[in-house]
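Subject: Structure for your review

Dear colleague,

Please find below the structure that I am handing over to you. My notes on what was found in it follow directly after.

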Amino acid sequence: VSVILKPGADDVRLIGFYLGKVLLGLGLVMLVPAVVAAALGEWNSATAFVIGASLCVLVGAVSEVRLSTRRPLTWAHGMVIVALAWLIGAVFAAIPMYLTGRFGDPLDALFEAMSALTTTGMSVIHDLDHTPLSEDLYRHLLQFAGGQGIVIVVLSLFAAGGARIATLYSAEARDERILPNFIRTARFIFAVAGAFLLVGTTALTIALIGAGFTPGRAFYHAINLFFSSFDTGGFSPMQASITYYHSMSVEIIVMLIMMAGTLSFGLHFALWRGDPRDVLRHLETRTLAVTSSLLFIAVCFGLLRAGTYDSVEALFRKGLFTLVSAVSSTGHQVNAGDTYLTDWGVLAPAAIVGAMAIGGMASSTAGGIKAIRVGIAFKTLVHDIKRILLPESALVVTTYHAGKRRILRDETSRAATTVLLLFVVTYLIGAVVGLLYGEFDITQTLFESVSVGSNIGISIGVVGPDMPRGLQTVYLIQMWLGRLEYVAVFAFLGYLFSLARGRAKA
Amino acid sequence: MAAPSRPMGPRAALRGIGLTVLLGLSVLAVGAGIAAVLVWLMP
């Protein structure tokens, strides 16, 4: 019989020490908009960012001095640190947001911060179109930091040695070891983001100048759009999202960036190495190709039957864009939210819900169940059917390609289907809670619940500054669970249980 | 599958981004193709 041991003061100290480092990193992130605000004379915003950064640095510095430890991290520590870092990080990230006065109450600011960090992209900000530039940059920067994995970003800068942070990397739902060393893996992730930042921002700036923007304004919109598209976040500098730009070139570039964002870092590595075959035969690529093609056929069929659009261009610019935005878990929109309800019929929004539920690739910045789990669940089903149909003495071996040819093992199947089931249950819980308020129907609540639970951000209109507080809290938890893919959060809850009920160490 | 000596160099980056864009454009082309066929089938 295994005995649950009660964590000691040393364990709590270790967790606090690493959380402090994460807050130090968050403080540094806040300094960027603080400098921009000061340069642009946005003094209200600058003050908010300086206060927020000071609090982060103060708490971080105190933990650095008082909690410093050289104890190694265990898996349990890693999970707890990551689960807490995303909660505490959101609370601290919300402080400057609330201080700017753009949010109705602290819960709205916390919701916006969690939505930013988890790259969901749902927004409850007041009057987005007149938000100071530095505040808007901050929202997009948070998506960039969150998408890259804020804990790994911070600790690869501050912590010495890769082995100690390996556990944190996995806990943040980024479990693909691309390179043998975690620091090198983190560096590769930065290199990919940096290279795409350069190319993507340049392409978007040119397209926006072509759409009639002045060069300075084009660059500002381009860099924000890059952050929110590559990190599949979905915030936009304007309330109308991508519709605002009325430019097919911008839409195509944004679609390409969203697709790059949803490609796993392992597959980016294969492409950088010049091996596209690795990408084409990967189970995840094939799953996405099949599911997305079927879903796009359903979207087109639904839109044509409903009479919403009748041209190839409209299906491409509205239907395909929305599907790419959903699959990549970005959440950029080319429609007003209520259009899905009023003009899109039934089949097309249902297909978008399916795309949002599946989401993108594992170990990318995308959210959702992830294509690899859907692929493995399908392979498991085929494997089980084969086992039933073939003679009992037959040895059934199912393989799949993921970096290399792998044999489908029971524990892989179990892990994939468990997380898949947890996502589905969470989607349903969110939808049912939405129904309790009596203001929305099941189409709206299911659409919105899947969108927040998968960290997508396409809104059908439930989320807004005046939404019910209870539902907002449920959505906030769904964003947190979805980003960490449950495991770290459950490990954290188990840790809390062991704090209360565990047996003291001998 | 041996990794190249400089998987993060500028040449690798150019190759990586080029192939990603190519992959993305082919996805968009397939999407446009599906849309064209369905518009043709359901005028």
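**Findings**

A:Val65 is found in helix H2 (residues 43–66) of chain A; helices (H or I, at least four residues) and strands (E, at least two) are DSSP runs, numbered from the N terminus. At 66% relative accessibility, A:Val65 counts as exposed, where buried means under 20% relative accessible area, exposed over 50%, and partly exposed in between (1.4 Å probe, protein chains only). A:Val65 and A:Phe17 are 48 residues apart in sequence, and their C-alpha atoms lie 8.9 Å apart in space.

Please note that this is a predicted model, in which local features need pLDDT of at least 70 and side-chain atom pairs count only at pLDDT 80 or more, while totals for chains, interfaces and linings use all residues. Residues are numbered from 1 along each chain as its sequence is written, chains are lettered from A and ligands numbered from 1 in the order in which they are written, and side-chain values use heavy atoms, with hydrogens and water left out.

**The two chains**

How many residues of chain B are in contact with chain A? There are 27 such residues, and they meet 39 residues of chain A; contact means heavy atoms within 4.5 Å. The area buried between the two chains is about 2700 Å², of which carbon and sulfur atoms give 87%. Buried area is the accessible area (1.4 Å probe) that two parts lose on being put together, summed over both. B:Met8, B:Leu28 and B:Met42 supply 23% of the area that chain B buries against chain A, more than any other three residues.

By class, the side of chain B that touches chain A has 22 nonpolar, 4 polar and 1 charged residues. In this scheme Ala, Val, Leu, Ile, Met, Phe, Trp, Tyr, Cys and Pro count as nonpolar, Asp, Glu, Lys and Arg as charged, and the others, Gly among them, as polar. Between chain B and chain A the count is 0 salt bridges, a salt bridge being a side-chain nitrogen of Lys or Arg within 4 Å of a carboxyl oxygen of Asp or Glu. The rule finds 1 residue pair in polar contact across this interface (both at pLDDT 80 or more). A polar contact is a pair of N or O atoms within 3.5 Å; within protein, one must be able to donate a hydrogen and the other to accept it, and residues adjacent in sequence count only if both atoms are side-chain atoms.

**Salt bridges**

Over all chains, the structure holds 16 salt bridges. One of them joins the side chains of A:Asp108 and A:Arg469 (3.6 Å, N to O). This pair links distant parts of the chain, 361 residues apart, with A:Asp108 in helix H4 and A:Arg469 in helix H20 (residues 469–484) of chain A. A:Asp108 is buried, at 0% relative accessibility, whereas A:Arg469 is partly exposed at 32%.

A:Arg139 forms a salt bridge with A:Glu112, the closest N and O atoms being 3.0 Å apart. Here A:Arg139 belongs to helix H5 and A:Glu112 to helix H4 of chain A, 27 residues apart. A:Arg139 is buried at 2% relative accessibility, and A:Glu112 is buried at 0%.

The loop between helix H9 (215–230) and helix H10 (248–262) of chain A contains A:His246, a residue other than glycine with a positive phi near 45°. A:His246 is exposed, at 66% relative accessibility. A:Ser247 lies in the loop between H9 and H10 as well, but A:Ser247 is buried, with a relative accessible area of 8%. The side chain of A:Ser247 reaches the backbone nitrogen of A:Ser249 at 3.4 Å.

**A strand pair**

Strands E1 (residues 399–402) and E2 (residues 404–407) of chain A pair in the antiparallel sense over 4 bridges; two strands pair if DSSP finds at least two bridges between them. A:Tyr400 has A:Arg406 in E2(A) as its bridge partner.

Yours sincerely
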